[in-house]
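Subject: Structure handover

Hello,

Here is the structure for you to look through. My notes on what I found follow below it.

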Amino acid sequence: MSNTDVAPSEVTCGPSRFTGVLHAREVPLGGPRAIAVRRTLPQRDRTLIGAWCFADHYGPHDVRSGPGMDVPPHPHTGLQTVSWLFAGEIEHRDSGGVHAMVRPGELNLMTAGAGICHSEVSTKAASVLHGVQLWVALPAAARDTDRDFAHYAPTPRVIGSSTLRVFLGELGDSRSPVHTFTPLLGAQIDLAPGAELTLDVDATFEHGVLLDRGAVEVAGTPLAVADLAYQRPGCHELHLANTGTGPARVILLGGLPFGEELVMWWNFVGRSHDDIAAYRELWQDHDARFGAVSGYTGTLSRLPAPPLPNGRLKPRPNPAG
C-alpha cells in the first residue's frame, strides 16, 4: 500500500520509552474519493515495534457503492509489505512480474529491497473490503536485497474459545515458513465473547496488539478499534480478554527491538536525507531501479512523488514514554 499523503512528514525511526496505547489517525488513500485508512504506526511516541514500521487498518468498506481501493503503481525501498485481509479481494501487480490476489486469511508479502513498484486494486469479488497493511523495515545488511514475493495461507489453530492464525514467525505450535530478515511475529487472533487468552510469548520481543473489532483488554487496558497497545520486552506472557458481547479480533505484532535508525518519507525507507532524495529522483526519472508494472489499467499510470519538504530530512529526538 502507498502512503498517499500529499505532504508526508519525514519520520526518523528509533527506540522509544513509550509503553502505552497508540491511537490511530485517519488518512485518505488514493485521491478525493478515496477510502479512509486508520494509521497507527509510525507516530512520534513510537515509530517501531520490532522491525514493524507502518500499520494501516481499513474497513469495512462497501465496495459496491464506493470507489474501493485503487492505488496506481508506486515505489518502495528498504522494506517488506505485508498484506492481510479480513474480507474482500485485492489484485496485486508488481515490477517483479508478480500478479496475485490478496484474499482473507492469506498472507501476501512483497520484498522491495533496492527498489520495486506495485499497484493494488480491490475487486468486485466481494462486497466488503476490510484488512490491514503493514510494512517491515529491512536491516542495513539486507536493504538492497533482490525483489521477492511470498504467499502463505496459515492453518487456523483453536485454543479454547479463541482461534490463532500465525502468518509470520512462530507462536506456540504454529510457525510460518515465510522468510523475514529480522525475527518477527505476525498473527490474527479471534476471540469469542467473554474469551480470555494468555499466550506464552518470546520475552526478547516487544509486542503490539492492534484491535480490529470488538471490545478487548490487553493486560487489563481497554482498546478502541484501531488502537495499538504496546508491551515492552521482558514479558513472558501476553493476556487478552474479550470484554464484549460479540466476537473480537486483533492483530498481534512482535519482534526484536530494531537497533538501527531509519528515515522514512513517503514510500521510501532509507538511512539519510540523501538516500531519500536519491530514491525520489530515480522514481521521478523512471529509473530501472524500480522497474514497471504490467497490466494496471487505472486512469493514472503511476503515482508521482510529492515534493520534498524544505530543508534536509533530519533525525528527530527519540521521545520519552
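Start with strand 7 (residues 79-87), which pairs with strand 10 in the antiparallel sense over four bridges. Please keep in mind that this is a predicted model. Within that pairing, Gln 80 sits opposite Thr 111 of strand 10.

Strand 10 also pairs with strand 13 (residues 148-152). Those two run antiparallel and are joined by five bridges. Here Met 110 has Phe 149 of strand 13 as its bridge partner.

How covered is strand 10 itself? It spans residues 107-111, and five of its five residues are buried. In a regular strand, side chains alternate between the two faces of the sheet. In strand 10, Leu 107, Leu 109 and Thr 111 point one way. Asn 108 and Met 110 point the other way. Both sets are buried.

Overall picture

The chain has 321 residues, and buried residues make up 56% of them. Its secondary structure comes to one helix and 27 strands. Take the contacts between residues at least 6 apart in sequence: 74% of these join residues at least 24 apart.

The cores

Nonpolar side chains tend to be buried together in soluble globular proteins. In this model, the largest nonpolar core has 39 residues. Trp 52, Val 82, Leu 107, Phe 167, Leu 168 and Ile 251 touch the most other members. Strand 12 (residues 128-137) gives the most to this core, with five residues.

Another core, of 25 residues, lies apart from the largest one. Its members include Ile 35, Val 71, Tyr 279 and Tyr 296.

Strand 6 pairs with strand 11 (residues 116-122) over five bridges, in the antiparallel sense. His 74 has His 118 of strand 11 as its bridge partner.

The histidines

Is His 118 buried or exposed? Its relative accessible area is 1%. The cut-off for buried is under 20%, so His 118 counts as buried. The side chain of His 118 makes a polar contact of 3.0 Å with the side chain of His 74. A second polar contact, of 3.2 Å, joins the side chains of His 118 and His 76.

The cysteines

How many disulfides are there? The count comes to zero. Cys 117 is buried, at 2% relative accessible area. Cys 235 has 26% relative accessibility and counts as partly exposed.

Best wishes

How values were computed: Residues are numbered from 1 along each chain as its sequence is written. This is a predicted model: local features need pLDDT of at least 70, side-chain atom pairs count only at pLDDT 80 or more; totals for chains, interfaces and linings use all residues. Side-chain values use heavy atoms; hydrogens and water are left out. Buried means under 20% relative accessible area, exposed over 50%, partly exposed in between (1.4 Å probe, protein chains only). Two strands pair if DSSP finds at least two bridges between them. A disulfide is a pair of cysteine sulfur atoms within 2.5 Å. A polar contact is a pair of N or O atoms within 3.5 Å; within protein, one must be able to donate a hydrogen and the other to accept it, and residues adjacent in sequence count only if both atoms are side-chain atoms. A nonpolar core is a set of buried Ala, Val, Leu, Ile, Met, Phe, Trp, Tyr and Cys residues joined through side-chain atoms within 4.5 Å. Contact means heavy atoms within 4.5 Å.
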